[in-house]
Amino acid sequence: MEASSPIFREFEDASDKFRRLLSFLQQRFHGHRFQLLSPEGSVGESLCLVDAMGRVFPRKDLAAIAVPVQDMEATIVVSARGGRKTSALSREFRQALELGIELFHSQSRLRESEELLEVQKRQADRTARVLEEKYMEILAENQRHHDEMRNQQALYAQTLKEEIERQTKELRDANRDLVEAKQSLERTNEELEKAVERANRMASEAGIANAAKSQFLAAMSHEIRTPLNAIIGFSEMLLESGLKEEQQDYAGIVKRSSEALLALINDILDLSKVEAGRMTLETSEFNPEAMASDICDLVRPTAEHKAIELLCRVEKSVPALVRGDPKRFRQVLINLMGNAAKFTESGQIELRMSAVQIADTRVKLLTEVRDTGIGIAEDQWKRIFEPFRQIDGSPGRKYEGTGLGLSIAKKLVELMGGEIWVESRVGQGSVFRFTAWMERSGQPLESKSPVTESPNQKALPATAPPVWKTGGLRVLLAEDNLVNQKLACLMLNKAGVEVEVAASGKEAVEKYTGDPRQVTLILMDVQMPGMDGLQATRTIRGWEEKQPPLGRRRVPIIAMTAQAVEGDREKCIEAGMDDYLSKPVKKEMLLEKIREWSSRQGVSCLGSEGKCF
Amino acid sequence: MDLSTMAEKLGLESPECEEILSLFIDTTESDLDTLGRAIQEGDAALAVQSSHSIKGAAANLGLQEIRAMAGGIEMNARQGILAGAEHAAEAIRHHLDSLKGEVFECLKRHPR
């Protein structure tokens, strides 16, 4: 081991040091002898005399000086070689020696310092090496940590990436599912829309078809009613015409059958009107009490025939006048009362009317028709208000009727804002009740009732009165019928003939006799109220007879008559007429006659020759 | 009854024919009202007068159905019989209604 204990080294060093010092001095100071007197005095004793105090005691044969070496607690004894005198050991020598010793010491210290520095350097190197190793370790550690961290980060990033990819995929999948679901939904929606559209179209078509059906039905009913009314009317006329008993029966069957058919048609017409939404209520003033008693009167003959007591009660709460649709209200009442009379053989029929609710401007009327007839089972109470329902639906049923009456009544009542219902017990009787809203009337009846025409008042045609053309030919037309006047005027004006109209026989006479020269000929209707055509002709001829012979003239009078009855022509000629036209008057025929007779009068503006009777 | 056929028979132009028919419809409706009132009130004389007026106009226009029905009413009414007249009058009114429809259609086609 390099580093020995400092104490041992000091001992070793001490002797080594003495030697080195002596050697050092020997080299520098030739001719001198150096001895070291150690503190133990072993060496010095042989060289010089030195007392215990270090002082030198010069020997006679020997010049010597002693120089203490402070640092080493020793003394150097110097002697001159060859017996030289001590004077040679001058003061300068002594100083030089001391400086030499000093130098030795300095060098020694320098060397020691160098050694120390070397040691320190080695130590520092060692420390540096250790530190470097430590540093490298730390670096490695850092690297390791760094790598670890990087790995962890990479792992984390990888995991994160995978997770993101997984979630993205899931999202994409979910999104795709959503898109598919949306598409499916859209398809469904589209189908739904198509279905709705189809349904709407079908509903619309059905609505149109239904409206068309109702319209057709209404039109058909109308068309059927026309001939049917003629059948009924003429079978009644036939019945009055003095038929044989058998013929009377047949005609009676025709009439009753036609009446039944007409009632059915009317009901169908009403129902189809209601269903087509074309039934509208009218509004006029009427007296409900008067209507009730009116209807009781209507049923009375049947009731009396069957010995049924008929009661009619109108409560005081019912206003004397209301505004509503009297025709439809009456229709419902007649239906219920008619049914009561039809289905009751004995007992009572009661009509009762009351006001159950009175508002500011309206009043709700409740009407009850109570009978002691055959009654209706409870399960039928609602069904009887459906169309074509009769309780007894068998072909040989006892009671006649279309089965539409109650369903029409129900619709009418609903139109009047009310309800209709029945309570009944089989074998005991029925109560039909219905309500209807009417407007309250504050006005007296006269001011609101529709204006009725007096028998002599005739509605004037809406068209403008005809404008008569003027010309050479002037015809006096005696005709009371407005249509026929107009027709003749149209025909004649077109041919350039001027027409003067007389609306009666009397007027014709007045117009002709007033200014006979203005009249080329007279067209005379035979049947006119008051003075007819025959009488007017006679009057004219009589007047002509009375004229002075010079101015006397016979105006042509052409008869026009609606019916070509045998003997009419003779009657006309007999009365003084010249010619005859039967209705319908045809234009060509009329103009022919006029041509003919005007040419005979010397007025010929019509050209071609006419044909004579 | 076709209007153009009727116009041809009467020797009239279509517009004239429509005009005369409008007049016929107006006057006949008025006559029918009077007839209805006459029947209700049992006034045979008034029934004769109104049915005769209808008959005459219808005859002149060649409307045979109406003429015959009005003639029937008139004939019975002259004997004081009004039975059946109401129905016959109703039948006339229906005829008149369809005639109205035709005239209306024509007027729509040739507005004056």
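These are my notebook entries on what I looked up in the structure above.

**Ground rules.** I am reading a predicted model, in which local features need pLDDT of at least 70, side-chain atom pairs count only at pLDDT 80 or more, and totals for chains, interfaces and linings use all residues. Residues are numbered from 1 along each chain as its sequence is written, while chains are lettered from A and ligands numbered from 1 in the order in which they are written.

**Chain A as a whole.** I looked up the secondary structure of chain A and found 13 helices and 17 strands, where helices (H or I, at least four residues) and strands (E, at least two) are DSSP runs numbered from the N terminus. Chain A has 613 residues, of which 27% count as buried; a residue is buried if 20 or more other C-beta atoms, placed from the backbone, lie within 10 Å of its own, exposed if 12 or fewer, and partly exposed in between. Among the contacts in chain A with a separation of 6 or more, 63% join residues 24 or more positions apart, a contact being two residues whose C-beta atoms, placed from the backbone, lie within 7 Å.

**Where chain A touches chain B.** I noted that 35 residues from chain A and 39 residues from chain B make this contact. On the side of chain A that touches chain B, α3 (91-239), α9 (482-494) and α13 (587-600) each supply at least two residues, and α3(A) gives the most, with 10 residues. By class, that side has 17 nonpolar, eight polar and 10 charged residues; Ala, Val, Leu, Ile, Met, Phe, Trp, Tyr, Cys and Pro count as nonpolar, Asp, Glu, Lys and Arg as charged, and the others, Gly among them, as polar.

**A:I232.** I picked this residue in helix α3 of chain A and found that A:I232 counts as buried, because it has 24 C-beta neighbours inside 10 Å. Not counting residues up to four places away in sequence, A:I232 touches A:K255, A:S258, A:E259 and A:L262, as well as B:G84 and B:H87 of the other chain. A:R256 is 24 residues from A:I232 in sequence, with 8.0 Å between their C-alpha atoms.

**Helix α9 of chain A.** I asked how much of this helix is buried, and the answer is 11 of the 13 residues, so α9(A) is largely enclosed by the rest of the structure. The cover over its buried residues includes β13 (474-478), β14 (498-502), β15 (521-525) and α13 of chain A, together with α2 and α3 of chain B. Just after α9(A), A:G496 takes a positive phi of about 85°.

I then looked across to chain B, where the axis of helix α3 (residues 44-60) comes within 8 Å of the axis of α9(A) and crosses that axis at roughly 25°; axes are lines fitted to C-alpha atoms, for helices over the stretch in contact, and angles run from 0 to 180 degrees between N-to-C directions. That makes α9(A) roughly parallel to α3(B), as angles under 35 degrees count as roughly parallel, over 145 as roughly antiparallel, 65 to 115 as roughly perpendicular and the rest as oblique. A:V483, A:N484 and A:L487 meet B:G56, B:A57 and B:N60 there, which divide into three nonpolar, three polar and no charged residues.

**Helices α5 and α6 of chain A.** I found α5 (residues 288-305) and α6 (residues 326-343) packed at an angle of about 30°, with their axes 10 Å apart, and they are therefore roughly parallel to each other. The contact includes A:M291, A:I295 and A:L298 of α5(A) and A:F329, A:L333 and A:M337 of α6(A). By class, this contact has 11 nonpolar, two polar and one charged residues.

**A:A307.** In the loop between α5 and β7 (308-314) of chain A I came to A:A307, where phi is near 60°, a positive value in a residue other than glycine. Most residues other than glycine have a negative phi. A:A307 is exposed, with 9 other C-beta atoms within 10 Å.

**Helix α2 of chain B.** Leaving aside neighbours within four places in sequence, B:I39 is in contact with B:A47, B:L82, B:A85, B:E86 and B:A89. Just after α2(B), B:G42 takes a positive phi of about 70°.
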